[in-house]
Amino acid sequence: ASRDGKYFLIKTTKDNSDRQNKMLRREYELSIGCDHPNIVHVYTIENNLPFGTGIVMEYIEGRTLDKYLAEKPQKKERNRIFSELLSAVGYLHKRGIIHNDLKPENIIITLADNTLKLIDFGLADSDAEYAMRTLGCTPRYASPELQAKSGAIDARSDIYSIGVIMQEIFGSSSIASRCINNNPEKRYANVEALQRAWHNRHRPYYIAISFLLL
């Protein structure tokens, strides 16, 4: 949609049902307070649109992460993109929000300057029990505990998804392997720990320690 020459994206529901509208409202409540350069900006929610309720958000002209990677960007650019992803997810976690659906389709790279934008908070929640009831994530990127609906969902579940994405960006590594460990206790405890490992990855002593912790 456009207003006063500026474009916006309006996210609505598939069927305008009460259940879908409640999920849309919850997504709005979680995302409206977020203010981060690598997270899509949400402006408002409107109830009286021709097609029902809709979230009015930033319009991003770009392509999904998988299509961006198909362009074979240089390693320096891939490093920057991955750092931006960690920054965005770390910001959410500090706000008590678990995204629950991190995957290339929910990561947009802008055409203007190749900035990463994290989108789609449809499954994000600070309430793990609610996330279990509304599970609809993509199995390839979802942690074992999320798929099993075990009730033990925390930041380490998103860490698992990041590990799968990391393999697709850079290939296999000891850091990615630790992220996707089936046992949450053996993954990085939070994004900050993962960021430290990422920044120190070329230091010989750190590589040795990482192998010992696997």
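Some housekeeping before the structure. Residues are numbered from 1 along each chain as its sequence is written, and side-chain values use heavy atoms, with hydrogens and water left out. As the model is predicted, local features need pLDDT of at least 70 and side-chain atom pairs count only at pLDDT 80 or more, while totals for chains, interfaces and linings use all residues.

I will start with the sheets. The helices (H or I, at least four residues) and strands (E, at least two) that I name are DSSP runs, numbered from the N terminus. Two strands pair if DSSP finds at least two bridges between them.

The angles run from 0 to 180 degrees between N-to-C directions.

The other open sheet has 3 strands, ordered β5-β6-β7, again with antiparallel pairing. Its edge strands, β5 (62–64) and β7, each pair on one side only. From one strand to the next, the twist averages 30°. Strand β6 covers residues 107–110 and pairs with β5 over 3 bridges; G62 is opposite T110 in β6. Helix α3 lies across β6 and β7, at about 30° to β7.

Next, charges. Side chains of opposite charge can pair when their charged atoms come close. A salt bridge here is a side-chain nitrogen of Lys or Arg within 4 Å of a carboxyl oxygen of Asp or Glu. How many salt bridges does a search of the whole structure find? It finds 13.

One of them joins K11 and D120, with the closest N and O atoms 2.9 Å apart. K11 is in strand β2 (residues 6–11) and D120 is in the loop between β7 (116–118) and α4 (128–133), so this pair ties together parts 109 residues apart in sequence. For accessibility, buried means under 20% relative accessible area, exposed over 50%, and partly exposed in between, with a 1.4 Å probe and protein chains only. K11 is partly exposed at 24%, and D120 is partly exposed at 27%.

E84 is buried because its relative accessible area is 14%; R80, at 25%, is partly exposed.

K94 bridges to E192 at 3.9 Å between the closest N and O atoms. This pair links distant parts of the chain, from K94 in α3 to E192 in helix α8 (residues 191–199), 98 residues apart. K94 counts as exposed because its relative accessibility is 68%.

Last, I169. Is I169 buried or exposed? I169 is buried, because its relative accessibility is 6%. It lies in helix α6, residues 155–170. Not counting residues up to four places away in sequence, I169 touches L65, L69, R78 and F82. I169 and I81 are 88 residues apart in sequence, yet 9.3 Å apart in space, C-alpha to C-alpha.

How values were computed
Contact means heavy atoms within 4.5 Å.
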